[in-house]
Amino acid sequence: MKNCLLTFPLFFASVFNINHYQNKFTPTEITGTIKITFINTIKGTPVQLDTVTYANPFSEKYTVSKFKYYISHIALAFKDGVFKESDSYHLVDESKPGSLSFSFSATVNTYQSLLFMIGVDSIKNVSGAQTGALDPLNDMFWTWNSGYVMAKMEGHSPQSMVVNNKVEFHIGGFSGKYSVLKKRRLDFPAGMIPDIREGRTTEIIIEADLDKWWQGPHDLKISTNPVCTTPGELAKKMADNYSKMFTIKKVINN
Amino acid sequence: MKIRIIILLCTCIGLYILFIGAGKKIPVVQDKDTAYTPIYLEFKIPDGWPKPPTDIFAKNRLTEPGFQLGKKLFYDGRLSKDGNFPCASCHQQFAAFASYEHDFSHGFNNSFTTRNAPPLFNLAWMTKLHWDGGINHIEVQPLSPITAKNEMAEILDSVLYKLKKDTAYPKFFKAAFGSTEINSQRMLKALAQFMGSIVSSNSKYDKVQRGEASFTPGEGNGYNFFKVKCAACHKEPLFTDNSFRNNGMALNAFLQDFGRMRITGNKNDSLKFKVPSLRNIMLTFPYMHDGRYYSIGSAIDHYRTGIITTQPTLDTLLLKRIAISAREKSDLIYFLNTLTDTTLTRSPRFAER
């Protein structure tokens with residue numbers, strides 16, 4: 001009993017001390033987990049690679065064999081500030097289910113908007129060999145004109161008049177007037193507000209609608225543009241379109 | 001076998017002492033976070049040379065094991081699809097790391113490259129690589145020849161698979177980077193350490209600059225002519241300003257190679273190619289981006305009489321061609337001969353074994 005009596009004040013003292021220390025010297029924040037999941041669709045229906053033939057807004061038929069894109073610099077905005085994911089580079093690849101979701105710790109808060117970049121910032125494009133999501137092994141790095149392919153879509157279409165009716169979009173270019181780097185800000189709609197709580201996970205589900213590649217600011221028909229594999233005006237137009245493909249579908253506060 | 005290994009080991013240690021250890025202070029910097037304590041090497045800038053525009057070793061600190069791993073990779077055929085095409089197959093030390101006597105180099109399955117292989121030296125001063133400047137960092141440069149179907153024709157995954165299967169490589173990677181992990185970043189950084197370390201700065205010209213030798217009258221006349229007529233683009237001491245210029249050659253009808261325009265998409269860059277260094281020029285024939293001139297004489301004649309002056313993007317310094325008399329031409333060739341650096345071409349440090 002004596003021991004117990006001694007332990008209590010010591011316990012309180014130590015907790016107080018630790019808090020005091022943390023507040024003063026290392027402001028650690030209480031965190032929860034954010035899990036972001038991408039669902040790649042065509043007009044709301046999940047994309048099926050190779051097996052399903054789709055029609056674009058111009059009634060051109062096509063299949064999809066590859067669909068991947070970089071999401072970087074993820075940040076969440078709250079009332080008077082922004083939380084940023086550190087070293088935020090993700091390659092979302094429809095053929096790799098594990099790449100469609102990723103998690104990171106975020107400060108406890110309620111957030112109003114999700115911010116991110118589609119592509120890889122210019123600095124990482126000129127800084128030599130990278131690893132992780134930016135590893136050239138991911139087949140998203142050009143070897144003739146250094147830089148990342150920011151988004152890639154490949155498939156086939158009878159409307160494509162190139163070899164094997166290929167459709168091939170490797171969209172890149174990180175500088176100048178044809179830079180394809182796009183920043184997006186998606187506001188969380190009412191009823192879908194991420195409420196990050198200590199030790200809990202909040203899941204944010206984002207839909208990426210591939211159908212938006214064909215239309216939006218620019219009408220891009222397969223018959224006219226079956227291939228885009230260099231930086232330039234067409235790549236920029238494609239990026240203008242696909243930057244509009246993301247919507248927040250669901251937020252689950254667990 | 002054992003004896004051979006011992007001899008090899010002794011040779012390695014000997015060479016190490018000879019070229020690195022001897023008389024040189026090596027700063028020892030300790031990484032606090034890990035037990036791995038690399039010994040960093042100093043990249044020495046020759047006296048009187050400009051500092052490299054960016055420090056390629058700033059985020060890839062030069063170490064002896066890193067350099068040795070890079071060298072091993074550079075000479076390893078397994079970086080190519082069929083094992084026949086190491087980096088060194090087109091970049092031969094005796095040719096200052098260019099392809100000797102080849103307009104186009106040979107690649108996988110009896111293919112040709114589409115441009116003349118450039119020599120490899122003084123890359124630490126080069127911010128853009130390739131004739132068209134398409135490669136923006138020395139670390140990502142090897143991806144190009146490794147994956148090109150008419151060069152090494154391999155895929156990166158397979159290269160790493162082969163390296164991981166090898167018994168020696170994990171040890172080399174551990175020595176260079178602190179653990180046996182083999183990944184593309186480490187491989188590319190090691191290659192950059194080897195290639196970036198190649199410096200050519202000990203030709204007769206360099207010795208003359210340092211007061212250790214003197215030009216013959218012909219060489220001296222050639223040098224004076226060079227300074228007036230050539231040095232604007234082939235700027236000393238690197239003998240290039242690393243710019244992209246159109247020197248007035250006809251478009252190669254087969255290759256349809258418009259040079260820098262392919263990278264920038266700007267029609268003002270049509271037919272512009274990187275100004276090559278004139279260092280080791282006598283070893284790097286044939287000349288120009290497509291190796292169209294076999295001899296140094298015909299390359300010089302291009303500037304005298306061959307320049308097509310009607311091309312809209314022709315370099316303004318070449319609008320009237322360059323007046324070169326027969327005497328000046330022969331003096332110039334005497335001078336160009338002084339740019340050959342046999343210290344580099346014979347250095348065991350950069351040699352395969």
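In chain A of this predicted model, residues 24 or more positions apart supply 74% of the contacts with a separation of 6 or more, a contact being two residues whose C-beta atoms, placed from the backbone, lie within 7 Å. Chain A holds 17 strands and 3 helices; these elements are DSSP runs (helices H or I, at least four residues; strands E, at least two), numbered from the N terminus. Of its 254 residues, 35% are buried, where buried stands for 20 or more other C-beta atoms within 10 Å of a residue's own, exposed for 12 or fewer, and partly exposed for values in between.

Residues are numbered from 1 along each chain as its sequence is written, and chains are lettered from A and ligands numbered from 1 in the order in which they are written. Local features need pLDDT of at least 70 and side-chain atom pairs count only at pLDDT 80 or more, whereas totals for chains, interfaces and linings use all residues.

Confidence comes next. The pLDDT, the predictor's confidence in each residue from 0 to 100, averages 91 in chain A, with 89% of residues at 70 or more. Over residues 1–26 of chain A the pLDDT is below 50, and the stretch has 2 contacts beyond near neighbours in sequence. Where pLDDT is low, predicted coordinates should not be read in detail.

In chain B, S179(B) sits in the loop between α6 (169–177) and α7 (184–197). S179(B) is exposed because 12 other C-beta atoms lie within 10 Å.
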